[in-house]
Amino acid sequence: MEKKYIFRPATQQEIQAVFDLIMGRVAWMDTVGIRQWNTTKYDQRYPLSYYEERRQMEELFVLADDETGELLAVGALFHEDERWPDPESAFYLHHLASRVDKKGAGSIFLQMAEAYTARMGKRYMRLDSAVGNKNLEVFYTSRGYAEAGFCKDGLYEGILRQKKLSE
């Protein structure tokens, strides 16, 4: 039987689980030697209350196992993003994180977020990845995300990427 997933807005009751999932990914970065969220004071910049604010703005989404309800991945789809100079019809994906023990959940979240973005009439899915994170660069490039510039936000330096979804 094929596994089924649900892509949906996060609920208020899930905010702690969302935060814990993201902090689990931050801890994983330490163990594998990736320098990204774990070196930019991510938990201070984006505390628990931040995710509740994003939920209230209807920008926080989760990927859940349809059978168990278990959260597998999380991300925020911003309506606008100051890192991008042009106001294209797009959603801007931030905070994409999947459970470390659920291989492939991030890819499934990304596919479902792209489908949602297209259903909402947006032309592009936009995101960024840390300069120097080669694995993430390969991940996004292999999924059709083209480099579109650079950004700097505090301690973070990123590569802007986008994927055209519709005309």
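Two strands are taken to pair if DSSP finds at least two bridges between them. Helices (H or I, at least four residues) and strands (E, at least two) are DSSP runs, numbered from the N terminus. The model is a predicted one, in which local features need pLDDT of at least 70 and side-chain atom pairs count only at pLDDT 80 or more, whereas totals for chains, interfaces and linings use all residues. Residues are numbered from 1 along each chain as its sequence is written, and side-chain values use heavy atoms, with hydrogens and water left out.

Seven strands make up an open sheet of mixed pairing, in the order E1-E2-E3-E4-E5-E7-E6. Strand E1 (5-9) and E6 are at the edges with a single partner strand each, so one side of each has no neighbour in the sheet. On average, neighbouring strands of this sheet are turned by 30 degrees against each other, direction ignored; axes are lines fitted to C-alpha atoms, for helices over the stretch in contact, and angles run from 0 to 180 degrees between N-to-C directions.

Strand E4 (residues 90-98) runs parallel to E5, to which three bridges join it. Within this pair, Phe 91 has Met 125 of E5 as its bridge partner. Helix H1 (residues 15-32) packs on the sheet and touches strand E2 (60-65), strand E3 (71-78) and E4, its direction making about 95 degrees with that of E3; contact means heavy atoms within 4.5 Å. Helix H3 (residues 48-56) also lies across E2, E3 and E4, and runs at about 95 degrees to E2.

E3 is joined to E4 by five bridges in an antiparallel arrangement, with His 94 in E4 as the bridge partner of Ala 76. The pairing of E2 with E3 is likewise antiparallel and spans five bridges; here Phe 61 stands opposite Gly 75 in E3. The hairpin of E2 and E3 has five residues between the strands, and in this hairpin Gly 69 adopts a positive phi near 80 degrees. Eight of the eight residues of E3 are buried, so this strand is largely enclosed by the rest of the structure; buried means under 20% relative accessible area, exposed over 50%, and partly exposed in between (1.4 Å probe, protein chains only).

Strand E5 (residues 124-130) and strand E7 (residues 156-164) run antiparallel and are joined by seven bridges, Ala 130 having Gly 158 in E7 as its bridge partner. Strand E6 (residues 146-153) pairs with E7 in the antiparallel sense, over seven bridges, and Lys 152 stands opposite Glu 157 in E7. Two residues lie between the strands in the hairpin of E6 and E7, where Gly 154 takes a positive phi near 65 degrees.
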